[in-house]
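These are my notebook entries on one structure. I set down what I looked up, entry by entry.

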Amino acid sequence: MKGWSGRLLWLDVTRRESKVVNYPAEWALMYLGGRGLAARIMWEYMKPGAEPLGPDNLLIFAIGPLSGLPGPSTGKLQVAAKSPLTGGYGDGNIGTLFSNEMRKAGLDAIVFSGASDKPVIINIEGTKVDFESADDLWGLDTWTTEERLRKRYGRFAGIVEIGPAGENLVKFATVISQEGRSGGRPGIGAVMGSKKIKAVVIRGSEKADLYDDKQYNVEAAKALIEIKNRPGYQFWMRQGTMYTIDWAQETSVLPAYNFDEGVFEGFKGIDGFTMESMKVDQRGCPNCNMQCGNVVLDREGVKSELDYENVALLGSNVGIDHLADAAYLNRIGDQVGYDTESLGTTLSWAIEASQAGLLKDYDGGHKLEWGDIKTLADVAYQIARRSTPLGNLLAEASSGACRKVGGCDFSMDVKGLGVSAYDCHAAPGMALAFATSPIGAHHKDAWVISWEVQNDRFAYSKEKAAKVIELQRIRGGLFESFTTCRLPWVEVGLSLDHYPLLLYYSTGVKYSWDDLYALGDRIYALMRAIWIREKGGWSRDYDMPPVKWFKKPLTKGPLAGAHLDYDKYNQLLDYYYDLRGWDHNGVPTRETLHRLGLDYVIPELEKYVRLG
Ligand code: SF4
């Protein structure tokens, strides 16, 4: 095989044993890598019904046929597992040197099974594996951990780690690398913590074996030049995703006060221009020539790397109108090692719950207030360490906390995962994208909102459902499996036509766009099959957006009064299922599974659902 190594490294963490396994070539061809390969491995090897924080869960790291190579923003790693937050398929991508080193180690995936009884660092050199004590690192924040590991293993080693949040099994703990790089929103860091893996280090020395090196490099260079020549490139380099604050305010999708509103009176204090006036550094993922990590000093004078989602959710959504304060919460999140978006949706839920009197047994009678940065920062630390009853409650995220104390009607989540930073009172297409995202409410699979606000935004049309699927195929199916960053295409308009060529020169396999779309649909149907198996069935209720967007209309801004409509949303969901070839309950039909080459899941699914 070219472009793929065809090898995965299986690590039995309980026994501290490792073996290299040649996985079937068909898996590479049909699922590419990254998310697709992780889902295929999970279906094949994870014990159905595995406890997410138990030894039977599999933690999977995977790269794809473009990751770690030169080219447009290719330094990405996919981390996946059964999610302790949602109970279903979970993953996320991280921009990290780990991706490059995994490529050089000649590994397409690393699977961690079992669990250690003591904290470990797993040190991989090529395919040689050492399990080393992490006693001296356990309890340390991610930045200190990585700094110490870099002194030990070198500046260019691939390193990912967890912080106290992962160790303490916070349900939205992530895997962290290189200070600001964080991935695995649905608690993949907690899965790593449950296996007592503090960090994984990898170094490799193999040269990538590509089908046509020379042509690959020519095509990669063309793409990199095109990125720099795109009209939006210069502004992107100034603001990255932070330009979105002003746009979201203008279009009434900026979440404010736990998604009560889509506009925020203090938006100027947290927008891209304010960020520019405070910027002290710019950084990002490896192999990227449009780095979007804008760094400012937070209220304690410490560097914090920002993007739109964490600023909106830790700013306007919790009533904070100073960027240095939002940056402070964001930096705490990166250091303790959890998802800053879920921190935002959890804190905003907690404020609303506290003000409604639901947290009397937890807040000591001191109600949480919007914009109270000092208290919110204290709570953020308490969550990471589960050090107080309130922190322990909120470590379950808003979706878990509300099941204990009430308030689920204002927990802004889908399938347990907090929605990312787009208010959908007046955006049914984006609501559908959140509701059908395969990991819970994340925008990465179908950021349809920008198209939607320009195209009949209040419609619940078949065209809108088709657009969501188109974006899910490309963003969630292909980019997550290539495994590369989608932003060169999304944000500066790099032509998608580079990608089949890059794939061809990497692997020697000619994929048409029809092939690639089918591949995206196959991965989607497989992820849904995993959900069905793990939930023991399926209902369309799982594909509903948060109740608040239906029941509590906007009260401010030009769209005051707007809210989602249940009947129309259900019609939109029907269009979506129909276009996907899924039945009325959101289960892929027998014919669809057959068409996508997924006959092997049918016998298992028949245990849980009646296939149409
Ligand atoms: S565009 Fe941003 S997120 Fe994407 S690879 Fe570059 S730095 Fe990372």
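In what order do the six strands of the open sheet run, and what is the pairing? I noted that the order is E2-E1-E6-E3-E4-E5 and that the pairing is mixed. Before going on, I recorded that the model is predicted, that local features need pLDDT of at least 70 and side-chain atom pairs pLDDT 80 or more, while totals for chains, interfaces and linings use all residues. I also recorded that residues are numbered from 1 along each chain as its sequence is written, and that side-chain values use heavy atoms, with hydrogens and water left out.

**Terms**

I took helices (H or I, at least four residues) and strands (E, at least two) as DSSP runs, numbered from the N terminus. Two strands pair if DSSP finds at least two bridges between them. Axes are lines fitted to C-alpha atoms, for helices over the stretch in contact, and angles run from 0 to 180 degrees between N-to-C directions. Contact means heavy atoms within 4.5 Å.

I then followed strand E3 (residues 59-62) and strand E4 (residues 76-82), which pair in the antiparallel sense over three bridges. Opposite alanine 62 I found glutamine 78 in E4. Helix H3 (residues 97-105) packs on the sheet and touches strand E1 (7-12), E3, E4 and strand E6 (109-113). The direction of H3 makes about 90 degrees with that of E4.

**Entry: the three-stranded sheet**

I found three strands in an open sheet, in the order E13-E14-E15 and with antiparallel pairing. Strand E13 (279-283) and strand E15 (303-306) stand at the edges with a single partner strand each, so one side of each has no neighbour in the sheet. Neighbouring strands are turned by 30 degrees against each other on average, direction ignored. E13 and strand E14 (residues 293-297) run antiparallel and are joined by four bridges. Arginine 283 has glycine 293 in E14 as its bridge partner. I also saw that H12 packs on this sheet, touching E14 and E15, and that the direction of H12 makes about 95 degrees with that of E15.

**Entry: helix pairs**

Two packed helices are described by the angle between their axes and the distance between the axes. I classed angles under 35 degrees as roughly parallel, over 145 as roughly antiparallel, 65 to 115 as roughly perpendicular and the rest as oblique. A crossing is left-handed if the near helix is turned anticlockwise from the far one by less than a right angle, and right-handed if clockwise. For residue classes, Ala, Val, Leu, Ile, Met, Phe, Trp, Tyr, Cys and Pro count as nonpolar, Asp, Glu, Lys and Arg as charged, and the others, Gly among them, as polar.

I began with helix H12 (residues 323-336) and helix H13 (residues 340-355), whose axes come within 9 Å and cross at roughly 120 degrees. H12 is therefore oblique to H13. The crossing of H12 past H13 is right-handed. Leu329, Asn330, Gly333 and Asp334 of H12 meet Thr340, Leu343 and Leu347 of H13. I counted three nonpolar, three polar and one charged residues in this contact.

Next came helix H17 (residues 428-436) and helix H19 (residues 462-482), with axes within 10 Å and a crossing at roughly 45 degrees. This angle makes H17 oblique to H19. H17 contributes Pro428, Gly429, Leu432, Ala433 and Thr436 to the contact, and H19 contributes Lys464, Ala465, Val468 and Gln472.

H19 also packs with helix H22 (residues 513-535) at an angle of about 85 degrees, the axes being 9 Å apart. H19 and H22 are therefore roughly perpendicular. Among the residues that meet are Gln472 and Arg473 in H19 and Trp513 and Leu516 in H22.

Which residues are around the ligand? I listed Ser73, Lys76, Gly284, Cys285, Cys288, Met290, Gln291, Cys292, Cys485 and Leu487, taking a residue as near if one of its heavy atoms lies within 4 Å. The shell has six nonpolar, three polar and one charged residues.

I noted a cis peptide bond between phenylalanine 482 and threonine 483, with omega about -15 degrees. Threonine 483 is in the loop between H19 and helix H20 (487-492). Leucine 32 has a positive phi of about 65 degrees, although it is not a glycine.
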